[in-house]
Amino acid sequence: MDTCKAETAATVDIRDRMNIVIVGSVDHGKSTLLGRLYADTGTLPEGKVEKIQAICKQQGKEFEYAFLFDAFLEEQQQGVTIDTARTFFQWAGRQYIIIDAPGHKEFLKNMISGAARAEAALLLIDALEGVKDQSKRHGLLLSMLGVKQVTVVVNKMDLVDYSQETFALIEKEYRAFLSQLDVTPQFVIPASAKRGDNIATPSPQMAWHTGPTVLESLAQFSSESEQAEQPLRFPLQDVYKFDARRILTGRIASGRLKVGDQVIFSPSNKSAVVQTLEAFNIEPPPTQAQAGQSVGITLDEQIFVERGEIVSHESSLPLVSTTFRANLFWLGRRPLDMDKSYLVRLATHEVECRVAAIHRIVDADNLSLDQHQTNTVVKRNEVADVTIQTKAPLAFDLYSDFETTGRFVLVDDYDVSGGGIITEMVADREETLRIEARQRDFAWVTGDVTLADRAKHYGHRAALVLLIGPDTTGKTFLAKKVESTLVAEGRHVYMLDPENLRRGLDADLQEGDAREMIRRYGEVARLLIDTGVLLISTTNSFRLPADQTVEAIRTLVHPAPVLTVYMSQETTPSPIEADLSFTGPEDFTSTAHAVLTALKEKGIIAETIGNQPVFQFSI
Amino acid sequence: MRHLRQLEDQSVYILREAYKHFDNLGMLWSMGKDSTVLLWLARKAFFGHVPFPLLHVDTSYKIPAMIEYRDRLAREWRLNLVVGQNKKALAEGMNHERGRVECCTALKTNGLKILLEEKGYTGIILGVRADEESTRAKERYFSPRDKNNDWDFRDQPPELWDQFKTSFPPNTHIRIHPLLDWTEINIWEYIKLENIPFMDLYLDKGNGTRYRSLGCAPCTFPIKSTASTVDEIIEELRATNVAERAGRAQDEGRGMEVLRKDGYM
């Protein structure tokens, strides 16, 4: 819309700002309410009403306040809002962006885009039509999108003769619905946007209403965020090295961050001390920051961390798992399919995932009904209770505890196609090992030489190459070949054969203690990796399915890179998604070179000795 | 002031997302107050650096003082300035007398199109604001454009929380709008707060007029105003009910909807 200011607000300094969304079923009068609010507060640009009135006259239709904001020609012709508009409004020292969201079912993704930006909502219900499916759906989506402050406006009261009885029935029904979502509306206001009743001025027709007008109710929404008082969550956005400083950037999602804080990065379990807070054109530089701020920090040591990690204090860590349960709404053109893989984006972390289970499709009309369902897809505009499984461990929180790190979107191809909130962490098979690895890493004592120093010196990162596949496929032979080739180049490589642990470290174990054997192997590998060495190893000794073996080892050496190589006699498909696969190789020299190439491509070893390894994240 | 820092935090976040996800990124700079604030925000986001080129689509009809200002800041802030121009249309004598929408399409929309094709940018950062004009009110922060630069406003991607559309098919590009939530007053409040150098065409220098919005000389008209400081501009804006772009001729009728659908900024 055009820039304009309420005369009444002209002299008042702005104290804060807030985004409010107007939602509700189609034709319940959202755009009209918005138009009326602006008109009655003198917030419209000069001549705007007259201009629209003239167009209406010319086209032979009745003037409607809705036309003030439905900007597109098609919107005006069809009398329906297609896409969300931001409109600006200033009242009593607060700057509002009021987002007019479309109510038509077809434009639900636009409604959701509008509501996702809002801190509070006005939800409209038509007094004549009463509570519609879409009224409930919008209520449900508001609660999923994190809009906790809601005022309900029962509109078009003029069409029901301003009946208090009709109003009371709608209020009762909708309050009961919202209570199932744990939402208590701040106010329920009877109004007529068309006539201006209870919009900016109290209605003489409804003297029985003792609550505020719509305009007054806006001031009752709180813009004070409680997020600063929560434990720290700082999702890492990027790492910059434009000059001598290596700056880690991101936006603090909750809590506070101070210079001198010892912080933990999840899921990598790295830790460091915040040395400075960096800022441009701010003197003196800040020493602390809090929720909402986009900041940059430097650390006391140069640890490898990358976008996607969540920074927290050790006293309150995020959860880490590959599996979680969530309520999800789907907006994709194609249905959400259990057979497809998607990208999950949670704060700044992006990882491949699949939907492991669709427990039920949530019916907005019947929230509490826990019907037994067997669904394999979630269709567009449906809300579902699902379990999601990620390819690599993800740090997150429950939505009930943390907003930003408790919600995610799913990306299908190029498009953000759905969003959800996490309701439960599901412990996966590696949970116990992951907790062990976390505790061990937090307490890990290091010398003055960092992993980065070693990598620089050796020309490669510390990593693990795991050879998997049936017996007698030449895994040990290949391992030896890779080891000798790399050592000849001057790299620090060691073949760690699990057999060597069996008679010594594992001497007290029985054949059936496979999990414990893997655990001990993983801890030995972790130790060797900390020396900066590139390990190569076979896995047959463990006598467990390959996927279990690889996942357990990966969890223990995390976050060191693991390259998996599958070897087989004939073309049997690999039981896991291996990085490399070879069938009955005869020429082990070229196979070894293929492994070397993969290590280079992954940025684990530098092209030539003396060069720094090419890491896949910015340093 | 808190509201300005909130706006700043959001814009900085968007700029950093853009920088992370687009290898071939550019920022349009028209030297006006909005894109100059945007440039300043980039220096905030990247700690004094601007790690992508600043693109200026030169129609050749800009007010001369704007070009001097452009070159001075480019030097002082060590900017990578890229100037594009629709030379063919200019050689054929395009000007506003052939029609304002035609002229804007040829020199700005197509001028930008040529520049995008030439350099292969996949992400373009622009300083448009939602409060300027009603089709901009319906924009996303990350807004896709197809191979012809067209904006399909009927089917915009969902934008959830801070998760933006950062992947896109080949031959298309994304327009990034970090200033959508800023109002005209916020821009001036921020210029004051941060002490950002701006063009004095925005100020009255004694003849009772100033520019409220800057564009090409033939199509941009000064307003009657005696505001000669930033404070006076803010005061004036708080009291006015006249649209900001009232002095921009191409906005008349449905001009902007037509222009923007076809790739105008």
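**Salt bridges, within and between parts**

A: With a relative accessible area of 34%, A:Glu499 is partly exposed. A:Arg503 reaches 68% and counts as exposed. (Buried means under 20% relative accessible area, exposed over 50%, and partly exposed in between, with a 1.4 Å probe and protein chains only.) The side chains of A:Glu499 and A:Arg503 form a salt bridge, 3.9 Å from N to O. The term stands for a side-chain nitrogen of Lys or Arg within 4 Å of a carboxyl oxygen of Asp or Glu.

Some ground rules. Residues are numbered from 1 along each chain as its sequence is written, while chains are lettered from A and ligands numbered from 1 in the order in which they are written. The model is predicted, so local features need pLDDT of at least 70, side-chain atom pairs count only at pLDDT 80 or more, and totals for chains, interfaces and linings use all residues; side-chain values use heavy atoms, with hydrogens and water left out.

Over all chains, the search finds 61 salt bridges. Start with chain B. B:Arg129 and B:Asp131 pair at 2.7 Å, N to O. Both B:Arg129 and B:Asp131 are buried.

B:Glu189 and B:Arg238 make another salt bridge, at 3.2 Å from N to O. B:Glu189 belongs to helix α6 (residues 184-194) of chain B and B:Arg238 to helix α7 (residues 230-239) of chain B, so the pair ties together parts that are 49 residues apart in sequence. Helices here are DSSP runs (H or I, at least four residues; strands are E, at least two), numbered from the N terminus. B:Glu189 and B:Arg238 are both buried. In chain A, salt bridges with shared partners link A:Glu436, A:Asp506, A:Asp508, A:Glu516, A:Arg519 and A:Arg520 into one network.

Now the domains of chain B. The assignment gives domain 1 (2-183 + 252-261) and domain 2 (185-250). Such bounds come from an automatic or database domain assignment. Taken over C-alpha atoms, the centres of domain 1 and domain 2 of chain B are 21 Å apart. In contact are 39 residues of domain 1 of chain B and 28 residues of domain 2 of chain B, where contact means heavy atoms within 4.5 Å. The two domains of chain B bury about 3,000 Å² between them, with 64% from carbon and sulfur atoms. (This is the accessible area, with a 1.4 Å probe, that two parts lose on being put together, summed over both.)

Between domain 1 and domain 2 of chain B there are 2 salt bridges. B:Glu194 and B:Arg5 also meet in a salt bridge, at 2.8 Å from N to O. Polar contacts between domain 1 and domain 2 of chain B come to 10 residue pairs, both at pLDDT 80 or more. (A polar contact is a pair of N or O atoms within 3.5 Å; within protein, one must be able to donate a hydrogen and the other to accept it, and residues adjacent in sequence count only if both atoms are side-chain atoms.) On the side of domain 1 of chain B that touches domain 2 of chain B, α2(B) gives the largest share, 7 residues. That side of domain 1 of chain B holds 18 nonpolar, 7 polar and 14 charged residues. (Ala, Val, Leu, Ile, Met, Phe, Trp, Tyr, Cys and Pro count as nonpolar, Asp, Glu, Lys and Arg as charged, and the others, Gly among them, as polar.)

Next, chain A. Its domains include domain 1 (7-219) and domain 3 (319-428). Domain 1 and domain 3 of chain A bury about 1,400 Å² between them, 62% of it on carbon and sulfur atoms. A:Arg137, A:Leu140 and A:Met144 supply 36% of the area that domain 1 of chain A buries against domain 3 of chain A, more than any other three residues. The count between domain 1 and domain 3 of chain A is 1 salt bridge. A:Lys148 and A:Glu403 form a salt bridge, with their closest N and O atoms 3.1 Å apart.

Last, the chains together. 83 residues of chain A contact 73 residues of chain B. About 6,600 Å² is buried between chain A and chain B, with carbon and sulfur atoms giving 50%. There are 6 salt bridges between chain A and chain B. B:Lys165 bonds this way with A:Asp415, their closest N and O atoms being 2.6 Å apart. Across the interface of chain A and chain B, 28 residue pairs are in polar contact, both at pLDDT 80 or more. The side of chain A that touches chain B has 34 nonpolar, 22 polar and 27 charged residues.
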